[in-house]
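Trainee: Hi! I'm new to this one, could you walk me through it?
Mentor: Happy to, let's look together.

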Amino acid sequence: MNRQAQAVIMLLFGGAILKASLGDLYLRYVKEGLQPFLIGAGLLLVAAGVMTLWYELRPRGAAAAAPDDHHEPRVGWLLILPVLGLLLVAPPALGSYAAGQAGSVLSAQGSESDYPPLPAGDPVDVGLLDYASRAVFDQGRSLTGRTLRLTGFVTPGPDGEPMLARMVLSCCAADGRPIKVGLTGNGPTGAAPDTWVQVVGEYSAQVGEDPVNGADVPYLRVRSWQEVTPPKQQYE
């Protein structure tokens, strides 16, 4: 590839990063707090591409002209494929397939801890990781007697029954791992995998085991549920 082609790819790649990071698309790949760094990286790539094109296309004498490097391997053009993929295709966020391939992030090893009381008012919204931690490590003391509302996507459990899950990120989708909550009672039976649902119920002392890594999987006794639109931030 010659320098002009390299500059075009930098422009496209920088534009793709800016397109993703200036909207909500980047949330499918990285944590929300990384948005400023993505925008900065996109701007730098665009600026580098513009400066390279300006340098290569500016008028200059024959003696100062750069040597023609058109004999370089054409395989370099394959670098444009991931750029086009990001521009033209919007892969979905990690869902039930990824959840089924990885073990729950809730470690089976833990000690009792003091958990602060949940906010007043029922039903109270609780994240899946927060619910699982309170249910397992606090034996549900801070959950008992409360009406709880959890939101996540449906994923098949080891017995084929639906479970509630969300992916937890440390940095980006590459390190995403699921947090899983089993459902008893009036659960979303028949809901397709990856369907986002909101369940209302109460703490259940039942605890299962994730067959992937042996982690504890707490359960929620469901009173009611409804299908919901996937949230803007699908990861915990």
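Mentor: One term before we start: a residue is buried if its relative accessible area is under 20%, exposed if over 50%, and partly exposed in between, using a 1.4 Å probe and protein chains only. The model is predicted, so local features need pLDDT of at least 70 and side-chain atom pairs count only at pLDDT 80 or more, while totals for chains, interfaces and linings use all residues. Residues are numbered from 1 along each chain as its sequence is written, and side-chain values use heavy atoms, with hydrogens and water left out.

Trainee: Got it. Which residues of helix 5 are buried?
Mentor: Leu 128, Tyr 131, Ala 132, Ser 133, Arg 134, Ala 135, Val 136 and Phe 137. That makes 8 of the 10 residues in helix 5 (residues 128-137), so the helix is mostly covered. Helices here are DSSP runs of H or I with at least four residues, strands are runs of E with at least two, and both are numbered from the N terminus.

Trainee: And what do the buried residues of helix 5 pack against?
Mentor: Strand 2 (148-156), strand 3, strand 4, strand 5 (196-209) and strand 6. Contact here means heavy atoms within 4.5 Å. Just after helix 5, Gln 139 has a positive phi of about 55°.

Trainee: How many helices and strands does the chain have?
Mentor: There are 5 helices and 6 strands. Starting at the N terminus, the order is α-α-α-α-β-α-β-β-β-β-β. Of the chain's 236 residues, 39% count as buried.

Trainee: Let's talk strands. Is strand 4 largely enclosed or open?
Mentor: Strand 4 (residues 177-185) is largely enclosed by the rest of the structure, because 7 of its 9 residues are buried.

Trainee: Which way do strand 3 and strand 4 run?
Mentor: Strand 3 (residues 162-168) and strand 4 run antiparallel, joined by 6 bridges. Ala 165 sits opposite Lys 180 of strand 4. Two strands count as paired if DSSP finds at least two bridges between them.

Trainee: In what sense do strand 4 and strand 6 pair?
Mentor: Those two are parallel, with 4 bridges between strand 4 and strand 6 (residues 216-227). There, Gly 185 faces Val 222 of strand 6.

Trainee: New topic: is Ser 204 buried or exposed?
Mentor: Ser 204 is in strand 5, and its relative accessible area is 5%, so it is buried. Leaving out residues up to four places away in sequence, Ser 204 touches Tyr 131, Tyr 219, Leu 220 and Arg 221. A polar atom of the Ser 204 side chain also lies 3.2 Å from the backbone nitrogen of Gln 206.

Trainee: What about Ser 96, buried or exposed?
Mentor: Ser 96 is buried too, at 11% relative accessible area. Ser 96 belongs to helix 4 (residues 96-101). Beyond neighbours within four places in sequence, its contacts are Phe 153, Val 154, Thr 155, Pro 156, Pro 193 and Asp 194.

Trainee: Now the outside. Which residues form the nonpolar patch on the surface?
Mentor: Val 75, Leu 78, Leu 81, Leu 84, Leu 88 and Val 89, with about 590 Å² of accessible area together. Leu 84 is in helix 3 (residues 80-88), and counts as partly exposed because its relative accessibility is 35%. Like charges are joined within 9 Å, and nonpolar side chains (Val, Leu, Ile, Met, Phe, Trp, Tyr) within 5 Å. Accessible areas come from the Shrake-Rupley method with a 1.4 Å probe, and for residues only the protein chains shown count as cover.

Conventions: Patch = residues over 30% accessible without salt bridge, like charges linked within 9 Å, V, L, I, M, F, W, Y side chains within 5 Å. Salt bridge = Lys/Arg side-chain N within 4 Å of Asp/Glu carboxyl O. Polar contact = N/O pair within 3.5 Å; in protein donor to acceptor, adjacent residues only side chain to side chain.
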